[in-house]
Amino acid sequence: MRKSLFALASACAALAMLGWICPQVLVRGLVHADPPMTDADVLPLSGDNAMGEAIKQLVNCQPACLLLVEGAPPRTVQVQAKQSSSSRRQQLSIAAGIEPQRIVVLTAESRPLYPLQVIEAWLRAHPQRRLRVLQDEFSSRQLRVTLDRRLDPALSQRIAIQPLPDRRYSIGKGWINRLGVWRVFDAYLSLARSLLGIRSAEPPRYLSPDEYEQAFLDSLGLAP
Amino acid sequence: MIRLSRRLLIGILLLLALFLLRFQWLPPMAAWLDVSRPRLPVDYVIPLPGGNDTRPFAVAALVRSGLARQAAVVVSVSTPDNRDGVVEPMHEVTRNVLLKRGVAESKILMLRGTSDCTYTDVQVIASIWEHDARATVAIVTDPAHTRRARWAVNRALPTYADRVCVIAAFNDLYDENTWWQSDAGLALTLTEYLKLGYYGLVYSTGGQRLAAIITVIMLCGLGIRWCYHRHIVPTAMAAGNAAVDAPAK
C-alpha cells in the first residue's frame, strides 16, 4: 500500500515537472541568439521595442548605421490614413538623436515584405559591413535557418541575430498567456516551413483602394 | 516486426493519400471557417479590430453605397508599441481610413471599451443597443475569422444575436483555395482552428465544459483499456506460459 502511494506520488511529481519543463523546452527551440558583433549596422526587423533597442545601440556606437526596410505601401498608407513605417521610424530615430545621414532606408517592391533580398543586396554592396538584426525572439531561429539556407555562408556569417523578448509574453515573463500561445503556434508553423525549405506562394495581385472596395461589393453580389 | 512494418506501411500510404488529395480536403477546411451571411442594409457596420488593410475599406464601401447608415469603430487596448509611438493605435488608423474613403465624421461612432480580443470586441459592440434598441448591425472581418466572430456574438449577445450579421472582407494576402501554400494563409487558417478550440474551452457554459471533461475522461479510459488488453495482457500471458514451460525443459 505504502509502495503504491509512493509510486503514485512520484508519478504525479514527474508529470508536474514534465508539464513545467516541456513548455520551456518547446519555446526555447524557437529562440536563437548569435554572439554580438561590435560596430555592426543595426536592422530592427521585428519584435516589441525593436526601435527603442536599435536607437539605444546606435547612440553608443557612432559609425554604425540604422537600416530600415520598407515594402510596397499598404492601402492604409496609400490613402494616407497612416505614415509608412519607415518614415515614422526615421522621425523617431532623428528625435532620439541619430543623425539623418546614419539612417538608410532599403526599399523592396514585394508584398508581403520578403526582406531577405534587400539584406543580401546591402551586404553585397557593402562588403566590409556587418549587420545586427533585431528580431522577435520566437522568430529568431526561423530567421537563422532561412539566412543559412538562402544566403552564401560568407554573407550569412556577417549577420548576427539578436532576439527581442515581448513585453506582453516572453520566455522570461512566462509566455503561457493567450497571445503567447498563438504566437508560439505561429512561430512553429513558420519554423517548420523554413526547415522543410517550403517557400511561400506568390500572393494574388494587390488591389488599389478603389479596386478593393469594388471587388468587395462584387463579392457580396451588391455592386451598383 | 512484421506487424510494425505493416503499420508503418499503412501510415505512409495514409500520408501519401492525404498529400495526393490535398486539393480535395484542404480548401473545405478554410471554407468551413467562413460563415459570412450578409443581411443588408443595416443601421451600423463595424470592422472588428485588426486587418486594417481590408476591413475599414469594406466598411467604407458599405456606408458610401448606402447599405449601412453609420460606421462604428471599437477602441482597442493600446499595445506597448502604441505607447512608445512606433505604431499608431488600430482604431485611429481605422477611423482615418473611413474619413479618407469618404465617410463623414458624423457617421463614425467610436465605441469605448477595453477590448483586446474578439469576445470582448463583441461585448463592447453591445453598447450600440443602449442608444438604439432596435438597431441592426453588420460585423466585418476576415473570412477565416467569421465563424469565431459569429460564435462570440451568439455567446456574448444572445438577446441581440439575430440582429447581427457577419460579413467577410476578403483578403488579398493569399489565395484561399491554396491557403496552405502561403505563410500567411497557413498561419491564419490553422491558428483560427486553435483559437476556436480555446474559445470553446474558455467561453463555453458550465454544462458544455462538464460534457467535454467527461468525454475526455471516457476517451482516456477507453485508450488505457485498449492498451491494457492489446499489450499488457498478452505480454503477461506469454511470460506466464514461459514460466510454465521452463520446468518441463
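This is a predicted model: local features need pLDDT of at least 70, side-chain atom pairs count only at pLDDT 80 or more; totals for chains, interfaces and linings use all residues.
**Exercise 1. Find which residues of α6(B) are buried.**

Solution. Residues are numbered from 1 along each chain as written, chains are lettered from A in the order written, and side-chain values use heavy atoms, without hydrogens and water.

- Step 1. Helix α6 of chain B spans residues 118-125. Helices are DSSP runs (H or I, at least four residues), numbered from the N terminus.
- Step 2. Apply the cut-offs: buried is under 20% relative accessible area, exposed over 50%, partly exposed in between (1.4 Å probe, protein chains only).
- Step 3. Seven of the eight residues are buried. They are T118(B), Y119(B), T120(B), D121(B), V122(B), V124(B) and I125(B).

**Exercise 2. Work out why the pair of W182(A) and Y198(B) joins two chains.**

Solution. 

- Step 1. Rings of Phe, Tyr and Trp (its six-membered ring) pair if their centres lie within 6.5 Å; planes under 30 degrees apart are stacked, over 60 edge-to-face, the rest tilted. The count is 12 aromatic pairs over all chains.
- Step 2. W182(A) and Y198(B) are edge-to-face, at 5.2 Å centre to centre and 85° between the planes.
- Step 3. W182(A) lies in helix α8 (residues 178-195) of chain A and Y198(B) in helix α9 (residues 183-202) of chain B, so the pair joins two chains.
- Step 4. Check the cover. W182(A) is buried, at 10% relative accessible area. Y198(B) is partly exposed, at 26%.
- Step 5. Ring pairs link W182(A) and Y198(B) into a cluster with Y119(B), W151(B), Y199(B) and Y203(B).
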